[in-house]
Amino acid sequence: MTHETAPVRFDTKIAVLLRDDLLTWQRLNVTAFLVSGLGTAVPELVGEPYADADGTPYLPMFRQPVLVLEGGKEVLTSAHTRAVGRGVPLSVFTSDLFSTGNDRDNRAAVRAVRRDAMDLVGLAVHGPRNAVDKILKGASMHS
């Protein structure tokens with residue numbers, strides 16, 4: 001196998017953890033919001049722009065897969081505590097954000113609640129593979 005055909009292995013992991021009681025549209029919406037934060041906080045996660053055979057340009061995307069997991073409220077709370085304790089890049093989505101309509105109100109809704117009282121419905125993390133695995137302990141692959 002040549003260098004160009006060898007499988008790419010990543011020493012880091014991108015993962016989204018969703019609360020298991022969300023509706024389908026909420027899961028998709030929350031996932032999109034959460035990963036957008038990681039791309040801006042860790043720019044090296046984003047690869048080069050794409051182009052098709054006709055030369056039509058497309059935006060770049062993450063260079064590595066994004067794992068999507070699910071768990072109950074307690075799993076999210078524990079994962080959040082571990083992620084904060086490890087200092088990994090972290091984005092959060094609380095239930096309050098479903099009733100806001102803009103970025104300013106989203107930030108205000110998060111700021112209004114203490115960390116240990118947030119009603120988390122999702123979070124996204126990036127970090128070393130084993131650290132992310134420990135953070136997400138108790139979560140299962142999204143089905």
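## A walk from salt bridges to cores

Start by selecting Arg19 and Asp21: their side chains meet in a salt bridge, 2.8 Å from N to O (a salt bridge here is a side-chain nitrogen of Lys or Arg within 4 Å of a carboxyl oxygen of Asp or Glu). Before going further, note that this is a predicted model, where local features need pLDDT of at least 70, side-chain atom pairs count only at pLDDT 80 or more, and totals for chains, interfaces and linings use all residues. Residues are numbered from 1 along each chain as its sequence is written, and side-chain values use heavy atoms, with hydrogens and water left out.

**Stop 1: around Arg19**

Stay on Arg19, which sits in strand β1 (helices, H or I with at least four residues, and strands, E with at least two, are DSSP runs numbered from the N terminus). Is Arg19 buried or exposed? Arg19 is buried, with a relative accessible area of 11% (buried means under 20% relative accessible area, exposed over 50%, partly exposed in between, using a 1.4 Å probe and protein chains only). Now show what surrounds Arg19. Leaving aside neighbours within four places in sequence, Arg19 is in contact with Arg27, Gly71, Gly72, Lys73, Leu76, Asp119, Leu120 and Val121 (contact means heavy atoms within 4.5 Å).

**Stop 2: the other salt bridges**

The structure holds six salt bridges. Select Lys73 and Asp119 next: they form one of these, with the closest N and O atoms 3.4 Å apart. Lys73 lies in helix α2 (residues 73-86) and Asp119 in the loop between α3 and β6, so this pair ties together parts that are 46 residues apart in sequence. Lys73 is partly exposed at 42% relative accessible area, and Asp119 also counts as partly exposed, at 24%.

Then pick Glu70 and Arg27. Their salt bridge has its closest N and O atoms 2.9 Å apart. Here, too, distant parts of the chain are linked: Glu70 is in strand β4 (residues 66-71) and Arg27 in helix α1, 43 residues apart. Both Glu70 and Arg27 are buried.

**Stop 3: the aromatic cluster**

Select Trp25, Phe33, Phe93 and Phe98, which form one aromatic cluster. How many aromatic pairs does the structure hold? There are three (rings of Phe, Tyr and Trp, the latter by its six-membered ring, pair if their centres lie within 6.5 Å; planes under 30 degrees apart count as stacked, over 60 as edge-to-face and the rest as tilted).

Zoom in on Trp25 and Phe98. This pair is edge-to-face, at 5.7 Å centre to centre with 65° between the planes. Trp25 belongs to helix α1 and Phe98 to the loop between β5 (90-94) and α3 (103-111), so you are looking at a link between distant parts of the chain, 73 residues apart. Phe98 itself is partly exposed, with a relative accessible area of 25%.

Phe98 also pairs with Phe93, and this pair is tilted: 5.2 Å centre to centre, 50° between the planes. Phe93 is buried, at 4% relative accessible area.

**Stop 4: the nonpolar cores**

In soluble globular proteins, nonpolar side chains tend to be buried together. For this model, the largest nonpolar core has 16 residues (a nonpolar core is a set of buried Ala, Val, Leu, Ile, Met, Phe, Trp, Tyr and Cys residues joined through side-chain atoms within 4.5 Å). Select Val30 and Leu34, the residues with the most contacts inside this core. Colour β1 (12-19), α1 (24-41) and β6 (120-128) as well, the elements that give two or more residues to the core. Which element gives the most? That is α1, with four residues.

Apart from this core lies another, of 15 residues, with Ala79, Ala83, Val132 and Ile135 among them.

Back at Leu34, show the contacts beyond four places in sequence: Val16, Leu18, Ser91, Val92, Phe93, Gly122, Leu123 and Ala124.

**Stop 5: out to the surface**

Gly138 is your next pick, in the loop between α4 (129-135) and β7 (140-141). At 61% relative accessibility, Gly138 counts as exposed.

Finish with Tyr58, which lies in strand β3 (residues 57-58) and is partly exposed, at 43% relative accessible area.
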